[in-house]
Amino acid sequence: MGRGKIEIKRIENSTNRQVTYSKRKNGILKKAREITVLCDADVSLVIFSSTGKMNEYCSSPLIKQLDRYQKASGNKLWDAKHEYLSAEVDRVKKENDNMQIELRHLKGEDLTPLNPRELIPIEAALEDGLVGVKAKIKEHRRALKKKTRMLEEENKRLIAKLQQVEIHGRGEMDTGANNGYNNQKAADGTRDYPSHNDNHHQVPFAFQMQPIQSNLTTATTTTNNNKYQLLD
């Protein structure tokens, strides 16, 4: 028994509709791949589901196929603005390709097919570039020397300032030590006298002798008393 014919109309049940979409989507994508391989055809397939999800198959870049479609059908898919942008993109690509070629020539690559007339401007460009590089190097060296001199001067200034601070600090330490010494002498009741070489003045000194042994005083007194008795 063959499969019954299905009526082609919108499936009202959302679940059945989603199942049917998934099956038929996979089937049509499979058929698109098969026809591309079997028949060497150029196929583009874009599918949007009811939820907005996109599925696509393109045997070649889609933009190329759209351009072919536009030329073959006569229908304009792009307006004047898009055509201008497309032409501008092509121009920029071509200019970029030319710059890449010139860059390779400046690097010394792909010079074999060039004739002497084409090599002359390349040589001139290299010489101009070399002059500019040398000038830039000299400029950097001058700036480096200037910076070095400034750093040396700053270093000298800092060293001189440090020496002044050290000298000032030693002076304050000496002054503090002298003041402490004079204050200590004042507390002890003593004072300094000039030496004998200063204006030939003698230094006054007062001495007080005390016997080391206490019986010397008694003995001396007894002896003196005996002398006085003899005289009497």
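Helices here are DSSP runs of H or I with at least four residues, numbered from the N terminus. With that in hand, welcome to this predicted model. Its chain has five helices and two strands, arranged along the sequence as α-β-β-α-α-α-α. One spot to look for is Asp110, which sits in the loop between α3 and α4 (116-188).

**The chain as a whole**
- Of the 232 residues in the chain, 7% are buried.
- The chain exposes about 21,500 Å², and carbon and sulfur atoms supply 56% of that area.
- Among contacts with a separation of 6 or more, 14% are between residues 24 or more positions apart.

**The two strands**
- Strand β1 covers residues 44-48, and strand β2 covers residues 54-58.
- The two strands run antiparallel and are joined by five bridges.
- Ile47 is found opposite Asn55 of β2.
- Together β1 and β2 make a hairpin with five residues between them. In its turn, Gly52 has a positive phi of about 95°.

**Around helix α2**
- Helix α2 (residues 62-73) is made of twelve residues. From its first C-alpha to its last it reaches 16 Å, close to the 16 Å expected at 1.5 Å a residue.
- Gly74 follows α2 and has a positive phi, near 80°.
- Asp42 lies in the loop between α1 and β1, so the pair ties together parts that are 26 residues apart in sequence.
- Asp42 is partly exposed at 35% relative accessibility, while Arg68 counts as exposed at 55%.
- The loop between α1 (14-39) and β1 also holds Asp40. Its phi is positive, near 55°, in a residue other than glycine, and at 71% relative accessibility Asp40 counts as exposed.

- His105 belongs to helix α3 (residues 80-106). With a relative accessible area of 13%, His105 is buried, because buried means under 20%.
- Leaving aside residues up to four places away in sequence, His105 touches Asp110, Leu111, Leu114 and Ile122.
- Asp110 has a positive phi near 55°, although it is not a glycine. At 44% relative accessibility, Asp110 counts as partly exposed.
- The side chains of Asp110 and Arg104 meet in a salt bridge, at 2.9 Å from N to O. Arg104 is partly exposed too, with a relative accessible area of 32%.

**Other charged pairs**
- Side chains of opposite charge can pair when their charged atoms come close.
- The whole structure contains eight salt bridges.
- One of them joins Glu139 and Lys136, at 3.9 Å from N to O. Both residues lie in helix α4, three residues apart, which is about one turn of the helix.
- Glu139 is partly exposed at 43% relative accessibility, and Lys136 is partly exposed at 44%.
- Glu88, Arg91 and Glu95 are linked in a network of salt bridges.

**What the UniProt record lists**
- An unreviewed UniProt entry gives residues 82-109 and 134-168 as "coiled-coil region".
- In this model, residues 82-109 are 89% helix and 0% strand, with end C-alpha atoms 37 Å apart.
- Residues 134-168 are 100% helix and 0% strand, and their end C-alpha atoms are 51 Å apart.

Methods: Residues are numbered from 1 along each chain as its sequence is written. This is a predicted model: local features need pLDDT of at least 70, side-chain atom pairs count only at pLDDT 80 or more; totals for chains, interfaces and linings use all residues. Side-chain values use heavy atoms; hydrogens and water are left out. Buried means under 20% relative accessible area, exposed over 50%, partly exposed in between (1.4 Å probe, protein chains only). Contact means heavy atoms within 4.5 Å. Accessible areas come from the Shrake-Rupley method with a 1.4 Å probe; for residues, only the protein chains shown count as cover. Two strands pair if DSSP finds at least two bridges between them. UniProt positions are given in the numbering used here, feature names are shortened, and annotations may be inferred rather than shown by experiment. The expected span of a helix is 1.5 Å times one less than its number of residues. A salt bridge is a side-chain nitrogen of Lys or Arg within 4 Å of a carboxyl oxygen of Asp or Glu.
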